[in-house]
Amino acid sequence: MSKHDQQVNLDLAKIIPFSKTNEQLKCYKFPEGDMTYDSIHKLLMALSQYGLKDDLLVQTLCEQLAEGICDTKDSSDKINRLQGQEFGIYIYHGIYDIPKKGSDHSEQWESEEIYSFLICVVAPVDKDYNAGTPKCGFIFPAFEERSAEPGKIDIFFEIPEYPDEGFLNRIIGQ
């Protein structure tokens with residue numbers, strides 16, 4: 001991948017974690033016992049563990065999310081911002097070395113924990129398949145109190161007042 005393409009992908013991936021917390025990026029809890037054979041939660045756990053090395057798992061996740069997005073119906077109060085558009089689903093895997101903090105809350109030079117995470121970005125694409133501004137996405141697992149929280153997911157919507165209901169329902173099954 002060229003340096004330019006690497007930077008474009010990095011910029012796209014950074015939009016989700018650096019969005020407005022508790023506005024555009026909100027934490028949702030997976031339903032209790034949501035580890036059924038075909039659950040998104042189980043799929044995300046496997047992808048997080050294997051670091052996107054299993055192409056079939058990545059493809060299955062993208063298909064599941066696309067079905068959710070396409071299931072969203074336009075109505076006066078629930079607008080699908082991707083309806084009638086070509087869109088791309090971009091999945092990234094990252095690792096963050098959480099620095100250990102001392103009793104005085106100063107950072108130490110050693111790791112407390114490794115946070116392995118997935119970032120998903122859903123964005124419209126133009127005729128050359130260049131991604132536009134992300135409309136929705138997520139970070140999994142959620143990051144709370146300096147640790148991974150695998151029972152939760154941070155979901156992003158560009159316009160929080162109009163979440164993509166199909167996308168949300170596909171992930172957390174509301």
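The model is predicted, so local features are reported only at pLDDT of at least 70 and side-chain atom pairs only at pLDDT 80 or more, while totals for chains, interfaces and linings use all residues. Residue numbers start from 1 along each chain as its sequence is written, and side-chain values use heavy atoms, with hydrogens and water left out.

**Overall fold**

- The protein has four helices and seven strands; helices here are DSSP runs of H or I with at least four residues, strands are runs of E with at least two, and both are numbered from the N terminus.
- Going along the sequence, the order is α-β-α-α-β-β-β-β-β-β-α.
- Of the 174 residues in the protein, 39% are buried; buried means under 20% relative accessible area, exposed means over 50%, and partly exposed is in between, using a 1.4 Å probe and protein chains only.

**The largest pocket**

- The largest pocket holds about 480 Å³ of space. That volume is the space filled by probe spheres set on grid points, which are joined across faces, edges and corners.
- A pocket is an open set of points on a 1 Å grid over the protein atoms alone, where a 1.4 Å probe fits and protein lies on both sides within 12 Å along at least five of seven lines; a lining residue has an atom within 4 Å of a point.
- There are 21 lining residues, and Pro17, Tyr115, Ile139, Phe143 and Asp154 lie nearest the centre of the pocket.
- At least two lining residues come from each of α1 (3-15), β1 (25-29), β2 (87-101), β3 (107-124) and β5 (142-144).
- By class, the lining has 15 nonpolar, two polar and four charged residues.

**Strand β7 and its partners**

- Strand β7 (residues 152-157) has five of its six residues buried, so the rest of the structure largely encloses it.
- β7 runs antiparallel to β1, with five bridges joining the two; strands count as paired if DSSP finds at least two bridges between them.
- Within the β1–β7 pairing, lysine 29 has lysine 152 as its bridge partner.
- β7 also runs antiparallel to strand β4 (residues 136-140), through four bridges.
- Isoleucine 139 has aspartate 154 of β7 as its bridge partner, and both of these residues are among those nearest the centre of the largest pocket.

**Cysteines**

- You'll find zero disulfides in the structure; a disulfide is a pair of cysteine sulfur atoms within 2.5 Å.
- Cysteine 136 is in no disulfide, and the nearest cysteine sulfur, that of cysteine 120, is 7.2 Å away.
- Cysteine 136 counts as buried because its relative accessibility is 1%, whereas cysteine 27 is partly exposed, with a relative accessible area of 37%.

- The buried residues of α2 are Ile40, His41, Leu43, Leu44, Ala46, Leu47 and Ser48.
- Histidine 41 lies in α2, which covers residues 40-50, and is buried at 9% relative accessibility.
- The side chain of histidine 41 makes a polar contact with the backbone oxygen of proline 150 at 2.8 Å. A polar contact is a pair of N or O atoms within 3.5 Å; within protein, one must be able to donate a hydrogen and the other to accept it, and residues adjacent in sequence count only if both atoms are side-chain atoms.
- In α4, the buried residues are Gly166, Phe167, Leu168, Ile171 and Ile172.
- Aspartate 164 caps the N-terminal end of α4, with a side-chain oxygen 3.2 Å from the backbone nitrogen of glycine 166.
- Leucine 168 and glycine 68 are 100 residues apart in sequence, yet their C-alpha atoms are 7.8 Å apart in space.

- Phenylalanine 140 and proline 141 are joined by a cis peptide bond, with omega about -10°, and proline 141 is in the loop between β4 and β5.
- Asparagine 22 isn't a glycine but has a positive phi of about 65°; this asparagine is in the loop between α1 and β1 and is exposed at 62% relative accessible area.
- Leucine 52, also not a glycine, has a positive phi near 65°.

Key. Nonpolar A, V, L, I, M, F, W, Y, C, P; charged D, E, K, R; others polar.
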